[in-house]
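Subject: Structure handover

Hello,

The structure is placed below, followed by notes on what was found in it. Please read the notes with the coordinates open.

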Amino acid sequence: MYKAKIFVNYKPSVLDPKATVIQQTLTRLGQTNVDSVMVGKYFELVLQGNEAAVNEQVAKLCSEMLANVNMETYRYTLEEVEA
Amino acid sequence: MAPTPEQIKRERLYEPLGLTTAEYDRFAELLGRLPNYTEMGLQSGMWSEHCSYKYSKPILKTFWTHNERVVMGPGEGAGVIDIGDGMAVVFKAESHNHPSAVEPYEGAATGVGGIIRDIFSIGAKPVASLDSLAFGSDFTPHNQQLIDQVVAGIGGYGNSIGIPTIGGEVQFDASYQQNPLVNAMCVGVMPKSALQKGAAAGAGNAIIYVGAMTGRDGINGASFASSEFTDEAADRSAVQVGDPFMEKLLTDACLEVTRDHRAALVGMQDMGAAGLVSSSAEMASKAGYGVTLNLDLIPQREPNMTPFEIMLSESQERMLLCVKAGHEAEILAVFAEYDLEAVVCGRVTADGQYRLYHHDELVCDIPVTALTDAVPTYTTTPRIPAALAHPAPDFVPVVADATATLQALLALPNIASKRALFSRYDAQVQTNTVVLPGDDAGVIRVRGTHKALAVTTDSNGRLLALDPYRGGAMTVCEAAANLIATGATPLGITDCLNYGDPRKPEVYYMLQESARGITEATRAWNTPVVSGNVSLYNETSGEAIAPTPMIGMVGLIDDLSAITTVGFKQAGDVVYLVGQTGDDFNGSSLQFLQTGQYAGRITGFDLPTAVATGQAVLTAIQAHLVTACHDLSDGGLAAGLVEMAASNVLGARLTTSLTNAQLFAETPGRFLVTVAPADVAAFEALVPQATRLGPVGGNQLCIDTCDGGVNAPIADLIQTQQEALAWQLA
Amino acid sequence: MKAAVLNFPGSNCAEDLLWAVGPIAGAHAEIVPATATDLTGYDLVLVPGGFSYGDYLRSGAIAKFAPVMPALRAFAEAGGYVLGICNGFQILTEAGLLPGALQWNRDLTFICEPEPLVVENATTAFTRRYTAGQVITLPIAHGEGNYYADDATLTALEAHHQVVLRYQHNPNGSCRDIAGITNEAGNVMGMMPHPERAVEALLGGTDGLGMFESLMEVCDGAYA
């Protein structure tokens, strides 16, 4: 079994108002060295199957469902876990 | 391991759960033995103020609750009033103050969700929501965040489930700084024949659980108790999280059951406060039956839940049904169609016992009535607070520059438009909303009829702090006036009584006196109290909030063409002030502006006069003689004129014999109306209380008074009124 | 005209659309559940507003996988008229039937306000009862209505006159003030404002009626 840890973020070209608000607040709190903030989503999936098949399946799930590739990018890691 | 009955008694383990020794002893006496830990837990939930109203019941009994139109009064999920054509309106309000203070988004969202379930549980389709909010007047970053998140939570739930938020109110006062008020009201409409009650009758009939799984959320006392016995507490949260998607499915499915499977359904109730135990015990108690539940069948979100936790969980979006034996599959099939989890988890019994099985063990076996009817009630000997016994001298304002005073008043958060907040609620879904938020009351038409319903929520803690009796009556009058301004006949009310600790003589005095005022006013308006709730212990560091009864009132408009709104319609229409204006400045916004506080006795209120004025205005509206109508409240006549000018940016040129200061007097029971020139004679004949002020028109608001007056571009005044709150919250 | 109003779990404007297209506009309309697999026989499919499947991943992202979607895709590819409103627009973009995406409003708050819109293209099947440049007022009610597409897509949309409605005072940060677009073929439209909420004077205006009348004119030929 594999655990997929999936991160979904806006593409750099997309306005991310939540990140903007967080950064402004951090600045107001004196955290002036925070250069950038990115707000994303994190998913954990545990899947059965061999690594190659799981890898292919997760990529498909990301591009078709978990991320909207019109405005988001994704990346993921796979790690083997005990059943 | 749970503590033994002897240990509970010896170590007084009931005390952290809010039970007194006398209450614990009384419960043991009813059982004829010492209660076990589960039973004592059930008692703590059912004997809490929230479920039993033990401190407020003696007060609530004084309310006037029935007239010829009332189909169902207090005691059920919601009140029901006949609106003719075989239809009924159903409504109730509920407070969610404490949860909202802890977690504002989810607290407010689940408050909205809970009140919606009360409406559809009796067979009505929810058609409108309103919210009455009160926050501190100091806009600290924390308070701004609180306001933002409460509003977001109300919108997040209400917008998603598809019930329009058609009105409400927001108050700002120092007394709510640490203790905000979040009161939600829901209105439903149904055929009278669809009425169903929360009763579990008929031995052998099935108890069906449907909706979200039960988790450890919202177990107040219990979460504390259970953390002593396990080490998983760090991962837990007592915060209830709402799921409006689940609730939408639940609403549709339950309405289908009440409409299309009436023969199979015995009763239905929401699992609200004290969750499964309160719903099942109340349903059995109302019908005079007992109930046996198998807790292993209850869908559970977390492993290793104890009976105590399962029974007292306040997980949201759950309903309990009683279904005739043999019809279980029919009902389960309806829920399956909506992808909802439903299980038969118990049976009704004839012997009146409340029995719970957990892991094949009988963990509770007590009379149902020990949980419901046996709860004692308490009264406190009231004492008038010193400030009320010796009121401050009457406030005598000096207003040299009425225009500047008006500008300053319009920027006060309590007078400025709340648009920045209510525009975050979907007010139009279901496409029945005729009058949108921002007017005196929200109005929705009733599809399939020529009727409409007007709804308002009103509260005014600062008035009650000065005079609970008059303040209580005036709050009812304010609600009635708001409905009348739209052309509606007031039908009835629901209330949320938000007060401090009732064991304090001064708080009890406030509660008792305001109830007296409310009762007198509801009789005068023929608007019985058909539902409501009580929120006590609203205190921080021993300081109670201002006594704040929230009145939610529903009115009926028989003729859609009679619906009237606040805004000036046309240049040339004649502005009238209806009702007498006096030097009534104690507790006014002008007093707050000039002195920074509200003080003195309340003057100028006369209940019969207020009712007579309102009825005269309503008659004129129903005779189609009025083109715009607005009831006067905060900021008096001058502020009211700006509010009327705002929707169509129309000024007015008016003359009055009043003084500058009196432009801002808050004498209750007054209206501003406009009348088309052709109808002036007919109007004056019908409403002798009316004083003619002058015509609508132009770009200025000019009011000539005996000692000066107001003269300003109307656009400037409107801008202040519309934008002041957004500026202060930014 | 025979119209299907799709109904996903969590949709909350299906009944409103049914009322607007049926009793008010005078067409034949019926609710079709998201479990349906066949949309033949309809002239128009309406994808309603609401929060389909709770909008829990992204608005419209789960609805994209509903059983009815292959049929909707086939219907659109065959030239049938499809109008997605609010959550319906979000569903159509997620499903790839329209370009771009809808993200959180600029100010991060839900907005319910009447909004003046400029009719940019009055030659579409959805807007032919309006005139180009006409300003109509329709209510908006959304949290995620901020239209986004990359520059190349936006340029292509403009070049093919696919931008049908623009906000006069951009309320949500949408790229190029876009409030509604069609696909390149012109038979699929998505828009954030709610025309079905502006079809009765009693409820504040009738500016939305023209959309349904346009479609009836196209579908029924000689509609008066």
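Domain bounds here come from an automatic or database domain assignment. On that basis chain B is divided into domain 1 (196-370) and domain 2 (564-730). The centres of domain 1 of chain B and domain 2 of chain B, taken over C-alpha atoms, are separated by 52 Å.

On conventions: this is a predicted model, in which local features need pLDDT of at least 70 and side-chain atom pairs count only at pLDDT 80 or more, while totals for chains, interfaces and linings use all residues. Residues are numbered from 1 along each chain as its sequence is written, chains are lettered from A and ligands numbered from 1 in the order in which they are written, and side-chain values use heavy atoms, with hydrogens and water left out.

Chains

Contact means heavy atoms within 4.5 Å. Among the 2 pairs of chains that touch, chains B and C have the most contacts. There, 25 residues of chain B are in contact with 23 residues of chain C. Buried area is the accessible area (1.4 Å probe) that two parts lose on being put together, summed over both. Between chain B and chain C it is about 2000 Å², of which carbon and sulfur atoms give 58%. In chain B, the residues that lose the most area to chain C are B:Phe245, B:Gln428 and B:Thr431, together 27% of what that side buries. Chain A and chain B, by contrast, are joined by no contact, and their closest C-alpha atoms lie 11 Å apart.

The six-stranded sheet of chain B

Helices (H or I, at least four residues) and strands (E, at least two) are DSSP runs, numbered from the N terminus. Two strands pair if DSSP finds at least two bridges between them. An open sheet of 6 strands in chain B has the order S1-S2-S3-S6-S4-S5, with mixed pairing. Strand S1 (70-72) and strand S5 (165-172) of chain B stand at the edges with a single partner strand each, so one side of each has no neighbour in the sheet. From one strand to the next, the twist averages 25°; axes are lines fitted to C-alpha atoms, for helices over the stretch in contact, and angles run from 0 to 180 degrees between N-to-C directions.

Within this sheet, strand S2 (residues 79-84) and strand S3 (residues 87-95) of chain B pair in the antiparallel sense over 5 bridges. B:Val80 has B:Val90 in S3(B) as its bridge partner. Helix H8 (residues 141-161) of chain B packs on the sheet, where it touches strand S4 (125-135), S5 and strand S6 (181-191) of chain B, and its direction makes about 175° with that of S4(B). Helix H10 (residues 244-260) of chain B lies across S4 and S6 of chain B, running at about 135° to S4(B).

The four-stranded sheet of chain B

Another open sheet in chain B is formed by 4 strands in the order S23-S25-S22-S26, with antiparallel pairing. Its edges are strand S23 (628-631) and strand S26 (690-695) of chain B; each has a single partner strand, so one side of each is left without a neighbour in the sheet. Neighbouring strands of this sheet are turned by 20° against each other on average, direction ignored. Strand S22 (residues 574-578) of chain B is joined to S26(B) by 5 bridges, and B:Leu577 has B:Thr691 in S26(B) as its bridge partner. Helix H18 (residues 468-486) of chain B lies across S23 and strand S25 (671-675) of chain B, at about 175° to S23(B).

Strands S24, S27 and S28 of chain B

Strand S24 (residues 652-655) and strand S27 (residues 700-705) of chain B run parallel and are joined by 4 bridges. B:Arg653 stands opposite B:Cys702 in S27(B). S27(B) is also joined to strand S28 (residues 708-713) of chain B, by 6 bridges and in the antiparallel sense, and a hairpin connects S27(B) to S28(B) through 2 residues.

Cysteines

A disulfide is a pair of cysteine sulfur atoms within 2.5 Å. By this rule the count over all chains is 0. The sulfur of B:Cys254 is 14 Å from the closest cysteine sulfur, in B:Cys186, which is too far for a bond. B:Cys254 counts as buried at 0% relative accessibility; buried means under 20% relative accessible area, exposed over 50%, partly exposed in between (1.4 Å probe, protein chains only). B:Cys629 is buried as well, at 1%.

Regards
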